[in-house]
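This report describes a metal site and the nonpolar packing of one protein. The sequence and the structure are shown first.

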Amino acid sequence: MTDMILFGVFPYVAVALMIGVGIYRYFVDRYSWSSQSSQFLESRVLFWGSVPWHYAILIILMAHFLAFLIPSGWAVVVGSPLRLYLLEVTGLALGISTLIAVALLIFRRIGNARVSAVTTVVDWLVLLALLLQVATGVYIAFTLRWGSVWYLHTATPWLWSLFKLDPQVHYLAALPAVVKLHAFNAFLILALFPFSRLVHVVSVPLTYLSRPYQVVVWYRQRRTG
Ligand code: HEM
């Protein structure tokens with residue numbers, strides 16, 4: 001019953017919140033739809049936290065998605081021991097990078113008074129949820145070998161069952177608690193998404209690629225005399 005609520009019902013609540021509140025916020029409070037960067041308050045630590053974080057987490061999430069979207073192709077990749085080791089070692093290196101990066105981002109918000117002053121409760125919730133997510137991910141990768149293989153027989157069918165609106169939570173039932181925490185927290189992050197700065201994830205200015213160029217005219221006051 002608990003598994004059904006956590007892994008069969010909550011994912012839909014999280015996605016509904018993400019889409020529903022996300023659309024509402026976009027139309028009602030569009031100027032808040034950004035990362036609300038604090039770069040002008042502190043940029044050095046931000047650079048060392050934010051840049052590795054974004055590169056590493058995007059690659060890790062792409063791997064999660066590929067194993068979900070194209071399981072047969074993923075099975076071929078992890079089917080050879082050499083490729084499996086390379087994949088897992090790369091994953092671990094990236095995972096540890098995300099862990100260090102998110103720790104830096106947290107210490108920056110604690111240690112810098114100016115950044116701390118503009119940090120909201122939701123910012124803290126998001127940072128802690130991200131820390132928990134990458135910490136449990138790295139822990140799983142270290143201790144429960146080989147995640148990139150058993151993911152195919154547990155997470156992939158569970159996620160597909162959610163997608164088909166027929167949640168099959170038994171795929172997760174026998175997994176250790178830390179994997180369940182990792183799976184639940186992923187949807188918690190989705191639920192926090194529309195209430196937080198995370199919305200910037202879907203505001204990448206892709207229209208820049210196709211829109212007509214703009215002529216920018218700078219206004220400078222002429223010196224008189
Ligand atoms: C917000 C979404 C998610 C994020 C940010 C995330 C992040 C991570 C990170 C950072 C790692 C460590 C990678 C490594 O060191 O190799 C990891 C591993 C893992 N994640 Fe996730 N994850 C997410 C969602 C999920 C979901 C929904 C599942 C499904 C149960 C899942 C299952 C796993 C597994 C099985 C591993 C171990 C992979 C291995 O051993 O190579 N993750 N995750």
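In this predicted model, the site of the iron atom of the ligand is octahedral, with angles of 87 to 180° among its six donor atoms. The protein residues that coordinate the iron atom of the ligand are His 64 and His 182, each through NE2, at 2.0 to 2.1 Å. His 64 belongs to helix H2 (residues 44–69) and His 182 to helix H10 (residues 177–192), so the pair ties together parts that are 118 residues apart in sequence.

| Residue | Relative accessibility | Class |
|---|---|---|
| His 64 | 31% | partly exposed |
| His 182 | 16% | buried |

His 182 counts as buried because its relative accessibility of 16% is under the 20% cut-off.

The nonpolar packing is described next. The largest nonpolar core has 23 residues, and those with the most contacts inside it are Phe 7, Tyr 151, Trp 158, Leu 159, Leu 172 and Phe 187. At least two residues of this core come from each of helix H1 (2–28), H2, helix H3 (71–78), helix H8 (155–163) and H10. H10 supplies the largest share, five residues.

Leaving aside residues up to four places away in sequence, Phe 187 touches Phe 10, Pro 11, Ala 14, Val 15, Trp 158, Leu 159 and Leu 162. A second, separate core of 18 residues is also present, and Trp 33, Val 102, Ile 189 and Phe 193 are among its members. In soluble globular proteins, nonpolar side chains tend to be buried together.

Definitions and conventions: Residues numbered from 1 in each chain as written. Predicted model: local features only at pLDDT ≥ 70, side-chain atom pairs only at ≥ 80, totals over all residues. Heavy atoms only, no water. Donors = N, O, S within 2.8 Å, 3.2 Å for Na, K, Ca; no water. Tetrahedral: all angles 85-135°; square planar, octahedral: opposite > 155°, others 65-115°. Helix = DSSP H or I, 4+ residues; strand = E, 2+ residues; numbered from the N terminus. Buried < 20%, exposed > 50% of the residue type's maximum accessible area, 1.4 Å probe, protein only. Core = buried A, V, L, I, M, F, W, Y, C linked by side-chain atoms within 4.5 Å. Contact = heavy atoms within 4.5 Å.
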